[in-house]
Amino acid sequence: MASERTQPRILINGGGFDTPWIAELARLTGKPRPRLLYLPTAAGDRDDAINTWFERCSPLLVEARAQKMFIDSLTQTRSWEEVFQWADGIVCSGGNTLNQQAIWRAQGIDQLLRRAWKRGVVLGGASAGALCWFECGSTDSRPQALSIVQGLGLLSGSHCPHYDSESNRRPQYQQLIASGELPAGYACDEGAGLLFEGRRVARVLSIRPDTQRVYRVRPWRGGVREEALPAQAL
């Protein structure tokens, strides 16, 4: 298990938490063969999402597990506390953030994730698996239009994933910040992301730093100011 003295860390990106990102999260645990737990809650515990997780982990020296939330007392023999105590790192899937948050609260997973973060378990994910750690952000979890969703609040401010790949994300996120409906935050292109230590940005990372970027977006003179952050290649 992670050390009590380890600085809390969260590794996110705007979309596509594939093998290089999992490898970086595994490295951050400091373990020679870290135990990585996957939560496919936002994806509705779909088998294809779980299969993809194991495929992405297969080249790495890790012990990988997946934990469904749609369970029953007869087959789920370990307590939630036992499940989360096992992990050195936890990766959350993309999908529906609103449903993810509701299920986590109903099962008490929100509190267990907070405890894991405080004791140094490295957390991560992309899309809904990135948005979930912030106070709030832009989501496609409801019908018809993008809207606001509340997250766990481990990270301050707001977040917007898929900033470059979905045409309505950028203007909607900027409008919500300009109007004060969302606080300042970070927007991530596909393949670009952030490492947080505590609530501070420690590193900006990207698969292709020249085209996949992370932006700091904040209110500015009745509109917004969007600042591209220099990124290191992952």
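## Basis of the description

Helices (H or I, at least four residues) and strands (E, at least two) are DSSP runs, numbered from the N terminus. On this basis, the protein has seven helices and 14 strands. Its radius of gyration, taken over C-alpha atoms, is 17 Å, close to the 17 Å that the globule rule gives for 234 residues, so the protein is as compact as a globular protein of that length; the rule is 2.2 Å times the number of residues to the power 0.38.

This is a predicted model, in which local features need pLDDT of at least 70 and side-chain atom pairs count only at pLDDT 80 or more, while totals for chains, interfaces and linings use all residues. Residues are numbered from 1 along each chain as its sequence is written, and side-chain values use heavy atoms, with hydrogens and water left out.

## Overall dimensions and surface

Taken along the principal axes, the C-alpha atoms fill a box of roughly 55 × 35 × 35 Å. The accessible surface of the protein comes to about 10,400 Å², and 48% of it belongs to carbon and sulfur atoms; the areas come from the Shrake-Rupley method with a 1.4 Å probe, and for residues only the protein chains shown count as cover.

Buried residues make up 51% of the 234 residues, where buried means under 20% relative accessible area, exposed over 50%, and partly exposed in between (1.4 Å probe, protein chains only). Of the contacts with a separation of 6 or more, 66% are between residues 24 or more positions apart; contact means heavy atoms within 4.5 Å.

Strand E10 (residues 192-197) is joined to strand E1 (residues 9-13) by five bridges, and the two run antiparallel. Within this pair, Ile 10 stands opposite Phe 196, and Asn 13 has Gly 193 as its bridge partner. E10 also pairs with E11 in the antiparallel sense, over six bridges, with Ala 192 opposite Ser 206. Two residues lie between the strands of the E10 and E11 hairpin, in which Gly 198 takes a positive phi near 60 degrees. E10 is mostly covered, as five of its six residues are buried.

## Helices across the sheet

Axes are lines fitted to C-alpha atoms, for helices over the stretch in contact, and angles run from 0 to 180 degrees between N-to-C directions.

Thr 29 lies in H1 (residues 19-29) and is buried, with a relative accessible area of 14%. A polar atom of the Thr 29 side chain lies 2.6 Å from the backbone oxygen of Ala 26. Beyond its neighbours within four places in sequence, Thr 29 is in contact with Pro 34, Asp 88, Gly 89 and Val 122.

## The six-stranded sheet

Another open sheet has six strands in the order E7-E6-E8-E9-E12-E13, again with mixed pairing. Its edges are E7 (147-150) and E13 (223-229), each with a single partner strand, so one side of each is left without a neighbour in the sheet. The twist averages 25 degrees from one strand to the next. Strand E6 (residues 134-139) runs antiparallel to E7 and is joined to E7 by four bridges, with Gly 137 opposite Val 149.

Notes
Pairing = 2+ DSSP bridges. Polar contact = N/O pair within 3.5 Å; in protein donor to acceptor, adjacent residues only side chain to side chain.
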